[in-house]
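Please walk through the following structure with attention to its charged pairs, its strand pairing and its aromatic contacts.

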Amino acid sequence: MFFSNGFVYGGHPTETIKVSSVKPLDDMMMIITFSTGESRLFDATILTGEVFRPLRDKSVFSRPIIDHGVVTWNDGEIDCSPEFMYEHSFEYTLVS
C-alpha cells in the first residue's frame with residue numbers, strides 16, 4: 001500500500017513510462033523507444049474501434065507526434081497510452 005497525491009493505493013508504486021521516439025513502419029508496425037531506454041516493436045493493428053479507424057489510412061498512421069510522452073495522431077484526436085503500447089509490444093534490438 002502507498003500514498004500518492006492524497007490517495008491510498010494497493011500494491012506498489014510504478015514508474016511512469018513515456019515514449020521518447022517513434023518510427024512508423026509498413027503494415028501498421030512501429031518501433032517505439034521508451035523512457036526506460038528500451039526500443040520495442042508495436043503492432044498497431046490491435047488498436048480497434050471507431051476512434052482508431054483513421055489509422056488505417058497510411059497518410060495518417062505515418063505521421064505520429066509525441067505529446068508529453070504519448071503517441072498521438074490527427075492533431076491529438078487519436079492517442080494511445082505509453083503503458084498499453086509497452087505492454088503490447090515486443091523487444092526489439094536496433095541494428096547499427
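**Charged pairs, strands and rings**

E50 is exposed, with a relative accessible area of 58%, where exposed means over 50% relative accessible area, buried under 20% and partly exposed in between, computed with a 1.4 Å probe on protein chains only. The model is a predicted one, in which local features need pLDDT of at least 70 and side-chain atom pairs count only at pLDDT 80 or more, while totals for chains, interfaces and linings use all residues. Residues are numbered from 1 along each chain as its sequence is written, and side-chain values use heavy atoms, with hydrogens and water left out.

The side chain of E50 meets that of R53 in a salt bridge, at 3.3 Å from N to O, the term standing for a side-chain nitrogen of Lys or Arg within 4 Å of a carboxyl oxygen of Asp or Glu. R53 likewise counts as exposed, at 52% relative accessibility. The structure holds three salt bridges, and another of them joins D26 to K58, whose closest N and O atoms are 3.7 Å apart. This pair links distant parts of the chain, since D26 sits in the loop between β3 (19-24) and β4 (29-34) whereas K58 belongs to helix α1 (residues 58-61), 32 residues apart; helices (H or I, at least four residues) and strands (E, at least two) are DSSP runs numbered from the N terminus. D26 is exposed at 55% relative accessibility, and K58 is exposed with a relative accessible area of 59%.

A salt bridge also forms between E38 and R40, with 3.7 Å between the closest N and O atoms. Here E38 is partly exposed, at a relative accessible area of 28%, while R40 is buried, at 10%. R40 has a further contact, lying over the face of Y86 at 4.3 Å from the ring centre; a charge sits over a ring if NZ of Lys or CZ of Arg is within 6 Å of the ring centre and within 35 degrees of the ring normal.

β4 and strand β5 (residues 39-43) pair in the antiparallel sense over five bridges, pairing being assigned if DSSP finds at least two bridges between two strands. The two strands form a hairpin with four residues between them, and G37 in the turn has a positive phi of about 95°. Within this pairing, M30 stands opposite F42 in β5. β5 also runs antiparallel to strand β9 (residues 89-91), to which three bridges join it, and the bridge partner of L41 in β9 is F90.

What aromatic pairs does a search of the whole structure find? The search finds three, rings of Phe, Tyr and Trp (its six-membered ring) being paired if their centres lie within 6.5 Å, with planes under 30 degrees apart counted as stacked, over 60 as edge-to-face and the rest as tilted. One of them is the edge-to-face pair of F42 and F84, at 6.5 Å centre to centre and 75° between the planes. Because F42 lies in strand β5 and F84 in helix α2 (residues 82-87), the pair ties together parts that are 42 residues apart in sequence. F42 is buried, with a relative accessible area of 0%, whereas F84 counts as partly exposed, at 28%. Another pair, F61 with W73, is stacked, at 6.3 Å centre to centre and 20° between the planes. This pair links distant parts of the chain, F61 in helix α1 and W73 in strand β7 (residues 70-73), 12 residues apart, and both F61 and W73 are buried.
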